[in-house]
Amino acid sequence: MQEQYLEKGLEIIKTLNSFTYQAYLVGGVVRDYIMDNKFVDIDIATNATPTQIQAIYPDVNMEYEHLGCVTLKLDGFTFEISTFKKEEYTEPRKPSKIYYAQELIDDVKRRDFTINALALTDNLKVVDLVKGQKDIKKKKVRVIGKAKVRFKEDPLRILRAYNLVARFNFNISFFTALGIKKTNKYLKTISNHQISREILKIFEAPFGRKAIGEMIDNRTFKYLKHYKDGMACIYKYYKKLSTIEKLTLCFALSEEIPENTSFDKNMLNKIQTLYKVVEETKHYTKNSKENINEKDVFDYGLELLLSALKINYYIRDDYPKLFNKVKKMDKNLPIHEVGELKFNGKDVVLLNRGVAGPYVKTVMDQLVTEVLLGKVNNDYSELKVRTLEILDEMNGVNIQEEKPKEETVVKQDVFPVQEVVYPKQEEVEKTKVVDIYEDEKPKVEVSNEIIRLKVHYDLEFNELVKNALASFIKGNESDDEVDALKTLIAKQVKEALLSQNPEYHILEQKGLI
Ligand code: ATP
Ligand code: MG
């Protein structure tokens, strides 16, 4: 693929040459060709003007003609073709004059570093007007011209120098570094977008740590508002932090995520999420009265929480090392997601006379919290009893107040509540047809009080039958004998319950038990 791309580039140069124009491959592609590295894109420089290029390639994109640059798409490959230029600057990053030039040397002089200013002819001959090949051999990043002038003209070149260090394990030459130290202050004219793009490239490059080290040595980091406080920490823990963690660590220390960055939506989302968790867990300091708990592990998830705790541990002196504790907690969590709870939103609705509403989430949240904190077991019967207590504590008041609109279909994202049609309030109060338990047929006419009574009865009945069966069974009975025993016990338990609780008689009259 790279070979074909290069071949096509050389073909374009040949074509331009055949029209008597000078043309070369320039920039990163030549550097990478010499170093035997993969190149990212191909830039071509020529003394043909955009209109002259268009005369040869009519399909060329002229959008950036005013900058002396056109884009050519050929056989699926993209080429930037720039006319040789000279530039004059009066203020940083804004050349006051750009002229077309006739000679390659003029174009070479406006480029940033010697290793980026090599040119390649159609027959693969390197044209080296600034001793760039020597610097490649010596692994040197050396600015073309006077460092102070060139960095003042365009301070983005400072970050581009560190990028070359990060990518190729090169060193910045002495005078270039001196120029950087004198012009760092102009970095404040560079946009968040460009800074974030260069910093991200550095973090993702193989020798990023070395580049950060040089940024610290040359005091460059001091002029990068959102990164300055985090650089030393990142340098120290470089290998232990992912790119997202490095960026979030910087922003946690600068106390804001910069606006208008170059990060894509997915990356920004991850940074924002982690930033929030770092903030929300920063109070778990060594002397804090509050301790991290199972609910935190459940809410954030192990991976995200560990990232946040790591950042807090690295950036705060009084922050404890909580990693092992949290890993252990995660291993022992009774549930890892709401779906694992043995009681769901629909169960809550059924327990509360079929009344759905936002209160269901409150109840479910409480059940989840109590199960996580070990206050109640993840057991259907226990959760049912606890739900009744919670509903009693809520006293019906909240439930009534949070009444959703008529005929609303309740959809809970978080809980596996099946769609429930909310009944009109008058209907709730009156007697109505309710399917008490999903698979209990046929439907019977019952009041809301009776539903509640039936729930209490079932809880008691099941518990008593279970206990009695356990005490009678020896283990050597056949299935038929066990079934017969169950029937007998069930009959006796029912009779006992009816005699001790006269209010249960209504259930029998309605054929519910
Ligand atoms: P990459 O492999 O990332 O593409 P590159 O060196 O080709 O690296 P580009 O951004 O594609 O970088 O730029 C192409 C060329 O344009 C550079 O090699 C350099 O000669 C020149 N250049 C780019 N940015 C600047 C700048 N700010 N000042 C001077 N010259 C620049
Ligand atoms: Mg390039």
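These legends describe close-up views of a predicted model.

The model is predicted, so local features need pLDDT of at least 70 and side-chain atom pairs count only at pLDDT 80 or more, while totals for chains, interfaces and linings use all residues. Residues are numbered from 1 along each chain as its sequence is written, chains are lettered from A and ligands numbered from 1 in the order in which they are written, and side-chain values use heavy atoms, with hydrogens and water left out.

**Figure 1. The whole chain.** The chain has 24 helices and 14 strands. These are DSSP runs numbered from the N terminus: helices are H or I with at least four residues, strands are E with at least two. Of its 513 residues, 48% count as buried. Buried means under 20% relative accessible area, exposed over 50%, and partly exposed in between (1.4 Å probe, protein chains only). Among contacts between residues at least 6 apart in sequence, 63% join residues at least 24 apart. A contact has heavy atoms within 4.5 Å. The accessible surface is about 27500 Å², and carbon and sulfur atoms hold 49% of it. Areas come from the Shrake-Rupley method with a 1.4 Å probe; for residues, only the protein chains shown count as cover.

**Figure 2. The site of ligand 1.** Ligand 1 sits in the largest pocket. A pocket is an open set of points on a 1 Å grid over the protein atoms alone, where a 1.4 Å probe fits, with protein on both sides within 12 Å along at least five of seven lines. To sit there, a molecule needs more than half of its atoms within 2 Å of the grid points. The ligand is surrounded by 14 residues; the closest are Arg31, Asn116, Asp154, Arg157 and Arg167. Such a residue has a heavy atom within 4 Å of the ligand. Helix 2 (28–35) and helix 7 (156–168) each supply at least two shell residues. Helix 7 gives the most, with three.

Figure 3. A side-chain N or O atom of Asp154 lies 2.8 Å from a nitrogen atom of the ligand. A backbone N or O atom of Asp112 is 3.2 Å from a ligand nitrogen atom. At Gly28, a polar backbone atom is 3.1 Å from a ligand oxygen atom. The protein covers 77% of the 590 Å² of accessible area that ligand 1 has on its own.

**Figure 4. Thr83 in strand 4.** Strand 4 spans residues 77–83 and includes Thr83. Thr83 is buried, at 0% relative accessible area. Beyond neighbours within four places in sequence, its contacts include Thr46, Asn47, Tyr100 and Asp107.

Figure 5. The buried residues of helix 10 (residues 208–217) are Gly208, Ala211, Ile212, Gly213, Glu214 and Met215. They pack against helix 7, strand 10 (171–172), helix 9 (192–204) and helix 11 (231–236). Asn218 lies in the loop between helix 10 and helix 11. Asn218 is buried, at 6% relative accessibility. Not counting residues up to four places away in sequence, Asn218 touches Tyr162, Ala177, Ile180, Lys181 and Asn184. Arg219, which follows helix 10, has a positive phi near 65°.

**Figure 6. Arg110 in its loop.** Arg110 is found between helix 4 (104–109) and strand 7 (119–120). Arg110 is buried, with a relative accessible area of 19%. Its side chain makes a polar contact with the side chain of Asp107 (3.0 Å). Leaving aside neighbours within four places in sequence, Arg110 is in contact with Lys85, Glu87, Arg150 and Arg157. The C-alpha atoms of Arg110 and Lys86 are separated by 6.5 Å, though the two residues are 24 apart along the chain.

Methods. A polar contact is a pair of N or O atoms within 3.5 Å; within protein, one must be able to donate a hydrogen and the other to accept it, and residues adjacent in sequence count only if both atoms are side-chain atoms. On a 1 Å grid over the protein atoms alone, a cavity is a set of points where a 1.4 Å probe fits but cannot get out, and a pocket is an open set with protein on both sides within 12 Å along at least five of seven lines; lining residues have an atom within 4 Å of a point.
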